[in-house]
Amino acid sequence: MFQVHGYAAHDKHSHLVPFSFERRAPKANDVVIEILYSGVCHSDLHQARDDWGGSIYPMVPGHEIIGRVTQVGAGVHKFKVGDLAGVGCLVDSCRHCPACAEDLEQYCENGATVTYNGRERDTGAPTYGGYSDLIVVDEHFVVKVSEKLDLKAVAPLLCAGITTYSPLRHWQVGPGQKVGVIGLGGLGHMGVKFAKAMGATVVMITTSPDKGKDAQRLGADEVLLSTDPAAMKAYANRFDFLLNTIPVSHDINPYLALLRRDRTMAMVGVLTELDPPPAGVSLILGRKSVAGSAIGGLRETQEMMDFCAEHNIVSEVELIAIQDINQAYERLVKNDVKYRFVIDMATLREPS
């Protein structure tokens, strides 16, 4: 067993505080990773505060993990000591259902094991995430990370990155297409970067002129203000694909009007009911589709990491010390970050 140090929430009302716990001794296929950087996802805040229900305490959040391999099991083939490695939202799955057989572990029909706030399949012990100094993971759920990239800015690729890359790839975004990214935040800014690198004409769809300007800095070709009825009408039936990253309930009907016939809007942000719901006419007239997408399987996540290395794509981040995590959570509530917090885990060794 490894004695590990991290930060944990002990109930939905408490701040995260220093916490010591044990990780399992490595099995034959396990990789031991010293964590260098851990991204802060908005879902960390939601789960620490039990906004979605079912939170397991004490909870060590974090599923955007970048680190260096310090030990490998006897059966490990992908990694050696000293390699850079990444761990995202999943650390296990059933490995045998139809989804897992197609490298779509995120849709495991028997329930994938999440990196934190879950339970290990064999022991039932709680899983603890990346706000810690070390993690032990089966090599199948670990991806290789290029030394060429800025490591602190790589961490959010393991969630925000793959969440936006996967639908863009699934719906075959590429040259000659006009793609709208709805909402500029942790997800939306990655959607802009990926769609642009895939060769599409990228339109940032936002309520904020200032965010539109920032989207152009990140690579957007055009900006559409969704609060401008004339502009929305001018863009009607012009989009080949829409990536909707808005994280709260909202009216999607005005956005459906932007799609061309037989095209799709993929939802990656909102988990709650849509209010108002989609109107039948918005779908029927134009044979349009609304779909959802959740992160990506391990094969696709590795593909994304390689794509990022090839195109020099990383997240826009603000580096923080672990001792500042509670202030970062309060800023998350106010959307006061451009566009992702990342914890420098070296600060875990500093006095709290």
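Mentor: Happy to! Let's start with the strands: β2 (17–23), β6 (90–92) and β8 (134–138) each supply at least two residues of the lining of the second largest pocket. Strands (E, at least two residues) and helices (H or I, at least four) are DSSP runs numbered from the N terminus. Keep in mind that this is a predicted model: local features need pLDDT of at least 70, side-chain atom pairs count only at pLDDT 80 or more, and totals for chains, interfaces and linings use all residues. Residues are numbered from 1 along each chain as its sequence is written, and side-chain values use heavy atoms, with hydrogens and water left out.

β8 gives the largest share of that lining, four residues. In total 23 residues line the pocket, and R24, E120, D122, T127 and V136 lie nearest its centre. A pocket here is an open set of points on a 1 Å grid over the protein atoms alone, with protein on both sides within 12 Å along at least five of seven lines; a 1.4 Å probe that fits but cannot get out marks a cavity, and lining residues have an atom within 4 Å of a point. The pocket's volume (space filled by probe spheres set on the points) is about 420 Å³. Its lining has eleven charged residues, seven nonpolar and five polar, where Asp, Glu, Lys and Arg are charged, Ala, Val, Leu, Ile, Met, Phe, Trp, Tyr, Cys and Pro nonpolar, and the others, Gly among them, polar.

N117 belongs to the loop between β7 (113–114) and β8. With a relative accessibility of 13%, N117 counts as buried (under 20% relative accessible area, 1.4 Å probe, protein chains only).

The whole structure holds one cavity of 30 Å³ or more, and the largest cavity contains about 100 Å³ of space. Its lining includes G86, G88, C89, L90, F141, V143, L158 and I162, along with I295, G296, L298 and T301. Eight of the lining residues are nonpolar, four are polar and none is charged.

Elsewhere, D83 sits in the loop between β4 (65–72) and β5 (84–87) and counts as buried at 17% relative accessibility. The side chain of D83 comes within reach of the backbone nitrogen of K80, at 2.9 Å. Beyond residues up to four places away in sequence, D83 touches G67, R68, V69 and K78.

To finish, look at helix α5 (residues 188–197): eight of its ten residues are buried, so the helix is largely enclosed by the rest of the structure. Among the buried ones are H189, M190, K193 and F194. Their cover includes α4 (160–170), β10 (178–182), β11 (201–206), α6 (209–218), β13 (239–244) and α10 (298–311). After α5 comes G199, with a positive phi near 100°.

Conventions
Buried < 20%, exposed > 50% of the residue type's maximum accessible area, 1.4 Å probe, protein only. Polar contact = N/O pair within 3.5 Å; in protein donor to acceptor, adjacent residues only side chain to side chain. Contact = heavy atoms within 4.5 Å.
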